[in-house]
Amino acid sequence: HTHPVHHAPCYTLLMLTIALYLLSLIIILSYTTFIFFLAQYKKDNSIIDIAYGIGFIVTAYLLIELFPGTLTVSPHTYILFFLIALWGTRLSTRIYLKNRNKGEDFRYATWRKAWNRKGNLYYLARSYLQIFILQGLIISIVLLPFTLSLSAQGAGTHTLLFGLVVWFIGFFFEATGDKQLDRFIKSKSTHKGTIMKTGLWKYTRHPNYFGESTMWFGLSFIALASGASYAVLLSPFLITYLLLYVSGIPMLEKKWEGNSEWEEYKQKTSAFIPLPPKK
């Protein structure tokens, strides 16, 4: 004969976890809806790329602010918030500076043209759902390490240190890869060729994407150290899948198909994980 009381804490924890995820979803979808209206006013849907990193920070901050006062927020959660804020600020600032005064990004402009052919209402509905709402849903899953750490009460030190090391490796690859690429683009006239092949780009065709994926694995390990469920691993696996097969590598590499310099670089260089160049 079992006593229901033994199951009460687990049930309460599950309900708190679900409530936190739903709250994060409400926050992020409200945020992306606001960005949608701003994008229509500016006639530039690509501002979602700038808003992406900030969306994580806004949602994480509000989740801490709205967290029930009867429960304590663990140090792991504050570490996660600091790392997400550092990542999100750098990413959004870089995209803003890179896209400033350049108008709508070509990908979004192509969609705008195609969707507008079916009428303005179709364009608005498709833009809202495919660009802004979908982005919000993705953010809510990628943010799971932070969201689920709020309802966890553990304090694992080894996994925390491991997670921090993994995160810093990822941050180094993303920030350094971006910096090297920006420098290359600015001084292109002094280079032979049009493909970045030096620095971290010698070992992987996408050091920034590798860094992005690695960072979220690091954040997931920190969340696991806080006692969060293994559901946090949905975050790095989703972001890695998107980068490898959906909106990252495939979209970017399609642009260079047929370029002889690119094809040679592609044969020598690992797509994602940094490896020594092939002979």
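**View A. The second largest pocket and its lining.** On a 1 Å grid over the protein atoms alone, a pocket is an open set of points with protein on both sides within 12 Å along at least five of seven lines, in contrast to a cavity, where a 1.4 Å probe fits but cannot get out, and lining residues are those with an atom within 4 Å of a point. The structure shown is a predicted model, in which local features need pLDDT of at least 70 and side-chain atom pairs count only at pLDDT 80 or more, whereas totals for chains, interfaces and linings use all residues. Residues are numbered from 1 along each chain as its sequence is written, and side-chain values use heavy atoms, with hydrogens and water left out. The second largest pocket has a volume of about 230 Å³, a volume being the space filled by probe spheres set on grid points that are joined across faces, edges and corners. Its lining consists of 13 residues, and those lying nearest the centre are T17, L148, S151, S229 and A231. Helices α1 (8–42) and α6 (144–149) each contribute at least two residues to this lining, and the largest share, five residues, comes from α1; helices (H or I, at least four residues) and strands (E, at least two) are DSSP runs, numbered from the N terminus. By residue type the lining divides into nine nonpolar, four polar and no charged residues, where Ala, Val, Leu, Ile, Met, Phe, Trp, Tyr, Cys and Pro count as nonpolar, Asp, Glu, Lys and Arg as charged, and the others, Gly among them, as polar.

**View B. Aromatic pairs, with F36 and F37 as one example.** Rings of Phe, Tyr and Trp (its six-membered ring) pair if their centres lie within 6.5 Å, and planes under 30 degrees apart count as stacked, over 60 as edge-to-face and the rest as tilted. By this rule there are 21 aromatic pairs. F36 and F37 are edge-to-face because their ring centres are 5.3 Å apart and their planes stand at 65°. F36, at 7% relative accessibility, counts as buried, while F37, with a relative accessible area of 55%, is exposed; buried means under 20% relative accessible area, exposed over 50%, and partly exposed in between (1.4 Å probe, protein chains only). Together with Y128 and F132, residues F36 and F37 form one aromatic cluster.

**View C. The ring pair of F210 and F272.** The centres of these two rings, F210 and F272, are 5.8 Å apart and their planes lie at 75°, so this pair is edge-to-face. The pair links distant parts of the chain, since F210 belongs to helix α8 (residues 207–225) and F272 to the segment after α11 (260–268), 62 residues apart. Both F210 and F272 are buried.

**View D. F56 in the largest nonpolar core.** A nonpolar core is a set of buried Ala, Val, Leu, Ile, Met, Phe, Trp, Tyr and Cys residues joined through side-chain atoms within 4.5 Å. The largest one holds 61 residues, of which F56, I84, W87, F146, L150 and W216 touch the most other members. Leaving aside neighbours within four places in sequence, F56 is in contact (heavy atoms within 4.5 Å) with I84, W87, I139, V142, L143 and W216. Apart from this core lies another, of six residues, among them F184, M196, W201 and Y265. F56 itself lies in helix α2 and, at 0% relative accessibility, counts as buried. The C-alpha atoms of F56 and F146 are separated by 9.6 Å, although the two residues are 90 apart along the chain.

**View E. Positive phi at K43 and N101.** K43, which is not a glycine, has a positive phi of about 55°, and it is found in the loop between α1 and α2 (47–65). With a relative accessible area of 62%, K43 is exposed. N101 likewise has a positive phi, near 60°, in a residue other than glycine, and it is found in the loop between α3 (75–99) and α4 (106–116). N101 has a relative accessible area of 78% and is exposed.

**View F. Y96 and P276.** Y96 lies in helix α3 and is partly exposed, with a relative accessible area of 40%. From Y96 to P75 the separation is 21 residues in sequence and 31 Å in space, C-alpha to C-alpha. P276 lies in the segment after α11 and, at 67% relative accessibility, counts as exposed. Between the C-alpha atoms of P276 and F56, which are 220 residues apart along the chain, the separation is 34 Å.
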